[in-house]
There are 2 protein chains.
Amino acid sequence: MNIGEIAKRAGVSRSTVSYALSGKRPVSDETREKIQRVIDDLGYRPNASARALANGRTSTIGLVFPPAGNHYTGMQLDFIGSVVEAAAAHDYDVLLSPSGVDSDRSFQRLLGERRVDGAILMEIRLRDDRVDHLAELDFPSVTIGRTARPEGTWWVGLDHTALAAACVHHLADLGHRRVAFVNRPEQLLRAGYESAHRGLDGFTKAAAERGLTVQTYCCGDDPASGQACLERILHDDPATTALVTLNEAALGGLYRGLAHAGRHVPRDFSVTGVVASRWAETVTPQLTAADVPAEEMGRRAVDLLIERLDHPGAAPRHHLLAPPISLRASTGPAGGASFADAPTPFSPS
Amino acid sequence: MNIGEIAKRAGVSRSTVSYALSGKRPVSDETREKIQRVIDDLGYRPNASARALANGRTSTIGLVFPPAGNHYTGMQLDFIGSVVEAAAAHDYDVLLSPSGVDSDRSFQRLLGERRVDGAILMEIRLRDDRVDHLAELDFPSVTIGRTARPEGTWWVGLDHTALAAACVHHLADLGHRRVAFVNRPEQLLRAGYESAHRGLDGFTKAAAERGLTVQTYCCGDDPASGQACLERILHDDPATTALVTLNEAALGGLYRGLAHAGRHVPRDFSVTGVVASRWAETVTPQLTAADVPAEEMGRRAVDLLIERLDHPGAAPRHHLLAPPISLRASTGPAGGASFADAPTPFSPS
DNA sequence: CGGCTCTGTCGAACCGGTTCGCCGGAACCT
DNA sequence: AGGTTCCGGCGAACCGGTTCGACAGAGCCG
């Protein structure tokens, strides 16, 4: 059941059927209705590959993210979901591609074989060969996150520097003087992930500005690492009274470590960071944090990409987001532990 | 840079280039090497649409899941990740399609426009029009989950009945007599989601068998609903000492509700259920639960689909998984609260 | 009434691959 | 030497759409 079959049954030529469907040339009402009736009867739908071959557009966008390694974080999930939905609203499909690098097989499939019209890249590094490669090819793409020099490229990003700094100021305002920073895994930091670097920068500078004593840590993306990391924090400086984290997957482990150490949140210890609201609301007490607007970022990335596809040569655009800190229940004034009349903490086994 | 260009530069015909690449007919070593050199020089990759049009295969599989509504659960994320990776291992791409129903635009795009060679469906209902539709078309597909009558179809499923029953037996063995069941949202139960129905069945039957007093609840897929649900449980029967949940997104809220009610887990109250291990390990105390092997299920679904694609007409196959309960720290003997010598619990504010 | 434009439709070429039938020449056979 | 086989490569048709140029006929003009 192809376009020729439709044409035959409607008693017209193939081109007339094509024009009736696309509307790119006028077709008489009578003919159009006749064609439409045949199409409805047979449930005909034009073949996507043939159409893509003929007009050079696949109506598909690629979503490129690093290979899972162990697992994905909740944020990545939210990006995927919102990108798929936003794309569907524009009549685009989404092709998923797990890809770390430029020379990756997946990446080559997407670009070289022209499976997609454009791409959205996640988990950007400060120096990212994929981004360079795409820019060189002038291939329509939008990044979620930005490189060290994002000028001239299209991106949607989070102002990690400002967000981490806001966390520091929030804690400093509450009187905390010794604060730890829990970053993404060391291998990601070394690889140059922008969130890890800019977040660390923002934290360090703001802490220096406020005269805080700090320690910074890398931490694996899982609860067990979070717990181990917290133990190290208290071991290295038992007087630490607060921490800032970018690592949402470790969050549950950080909380568990605090419970085991007998530190009550927020009375004895304050926790804050940059975390998707879904996770911030899952832990008890709920996390005071800068909520990552993953849904909005995914949507905006798609909108930018569609715009770029529709207007080749348009000037690069971007969105830098800096959501405010949502006050929940995980931070409090420093020195809470010295309230003599607080109930005796439950001692861990 | 298409195949004709390669042919011209190598001084051979287009068909020879094609055969050199596919190996479907012998080509002399000399010619093949000459062609390969030109290809490497130009970085040529065959156009996916043209290839799909010519040989009728897109090398893409569709992953169909319900529209996000509010958000996805962690389990869905794990499925997506493992499906993408397993597909990549077989040189297939994955096209994401948010689709609730049969007549859905997305669904029609996938099938009608032949964008994919096969499909994997998630979030199956006991009666599912999408599954019926695909079976009718004899379209290669595998479901993650199974309908009420899965005979003759290809699927990978979890034995929710047995898992929920195992949770009940675990609690009954510990001496619990009054147990609550926290299901997925009511709208999903009404829509006929298989996990919600079979889980409820398994729970109800096993509880009857063990003579337990039970209450069952539906609960929204978010922490706030979990907390509200727990309040209702204790309001309806304050003597409840344990619960079984299928709702991982609500888990954090359930824990919070227990903390607010002053019930210590596991001393005063036991919690178990069917939950991805990632979530079970995030909460404190870690959840004793039947771990959903999402990664394995996604991989097996892909393997089945590939097999079905490679051997049309093969007899339907399936995998029914029933992972054991992982003992962690959220369950304990009933009546633990009466141990007089237990440390004084920390009383919540 | 001849020449003009305008409208609706058709045929053919094209997108970039795959595949089938065929053929020329070398090698092998008797 | 002539016939058969085998190997390697070529040309053409095809997959199912889109698009361009052409054209027939109707309606309008002078």
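**Close-up views of a predicted protein–DNA model**

**View 1. The interface between chain B and chain A.** Between chain B and chain A an area of about 5,000 Å² is buried, and carbon and sulfur atoms give 56% of that area; buried area is here the accessible area, taken with a 1.4 Å probe, that two parts lose on being put together, summed over both. This is a predicted model, in which local features need pLDDT of at least 70 and side-chain atom pairs count only at pLDDT 80 or more, while totals for chains, interfaces and linings use all residues. Residues are numbered from 1 along each chain as its sequence is written, chains are lettered from A and ligands numbered from 1 in the order in which they are written, and side-chain values use heavy atoms, with hydrogens and water left out. In contact across the interface (heavy atoms within 4.5 Å) are 51 residues of chain B and 52 residues of chain A.

View 2. One of the salt bridges joins the side chains of Arg45(B) and Glu113(A), at 3.6 Å from N to O. Across the interface of chain B and chain A, 22 residue pairs, both at pLDDT 80 or more, are in polar contact; a polar contact is a pair of N or O atoms within 3.5 Å, where within protein one must be able to donate a hydrogen and the other to accept it, and residues adjacent in sequence count only if both atoms are side-chain atoms. Elements that each supply at least two residues of the side of chain B that touches chain A include helix H4 (48-55), strand E1 (60-65), helix H5 (74-89) and strand E2 (93-98) of chain B, where helices (H or I, at least four residues) and strands (E, at least two) are DSSP runs numbered from the N terminus. H5(B) gives the largest share of this side, six residues. The residues of the side of chain B that touches chain A divide into 23 nonpolar, 16 polar and 12 charged, with Ala, Val, Leu, Ile, Met, Phe, Trp, Tyr, Cys and Pro counted as nonpolar, Asp, Glu, Lys and Arg as charged, and the others, Gly among them, as polar.

**View 3. Strand pairing between the chains.** Strand E2 (residues 93-98) of chain A pairs with E2(B) in the antiparallel sense over three bridges; two strands pair if DSSP finds at least two bridges between them. Within this pairing, Leu96(B) in E2(B) stands opposite Val94(A).

**View 4. The surroundings of DNA strand C.** Around DNA strand C there are 28 residues, of which Thr16(A), Thr31(A), Ile3(B), Ser18(B) and Arg25(B) come nearest; a residue is near a molecule or strand if one of its heavy atoms lies within 4 Å of it. Phosphate oxygens of DNA strand C lie 2.6 Å from a polar side-chain atom of Thr16(A), 2.5 Å from a polar backbone atom of Ile3(B) and 3.3 Å from a polar backbone atom of Asn47(B). The surface near DNA strand C receives two or more residues from helix H2 (14-22) and helix H4 (48-55) of chain A, and likewise from helix H2 (14-22) and H4 of chain B.

**View 5. The surroundings of DNA strand D.** Among the 28 residues around DNA strand D, Ile3(A), Ser18(A), Arg25(A), Thr16(B) and Thr31(B) come nearest. A polar side-chain atom of Tyr19(A) lies 2.8 Å from a base nitrogen of DNA strand D, that of Tyr44(A) lies 3.0 Å from a sugar or linking oxygen, and that of Arg51(A) lies 3.4 Å from a phosphate oxygen. Of the atoms of DNA strand D within 4 Å of the protein, 50% belong to sugar or phosphate and the rest to bases.

**View 6. The six-stranded sheet of chain A.** This open sheet has the strand order E7-E6-E8-E9-E10-E12 in chain A, with mixed pairing, and its edge strands, E7 (213-218) and E12 (325-326), each pair on one side only. Strand E6 (residues 178-183) and strand E8 (residues 242-245) of chain A pair in the parallel sense over four bridges, with Phe181(A) opposite Val244(A) in E8(A).

**View 7. Backbone details in loops of chain A.** Most residues other than glycine have a negative phi, and most peptide bonds are trans. A cis peptide bond joins Val265(A) and Pro266(A), with omega about 5 degrees, and Pro266(A) lies in the loop between helix H12 (251-260) and strand E9 (270-275) of chain A. The peptide bond from Thr284(A) to Pro285(A) is likewise cis, with omega near -5 degrees. Asp91(A), in the loop between helix H5 (74-89) and E2 of chain A, has a positive phi near 65 degrees.

Note on methods:
Salt bridge = Lys/Arg side-chain N within 4 Å of Asp/Glu carboxyl O.
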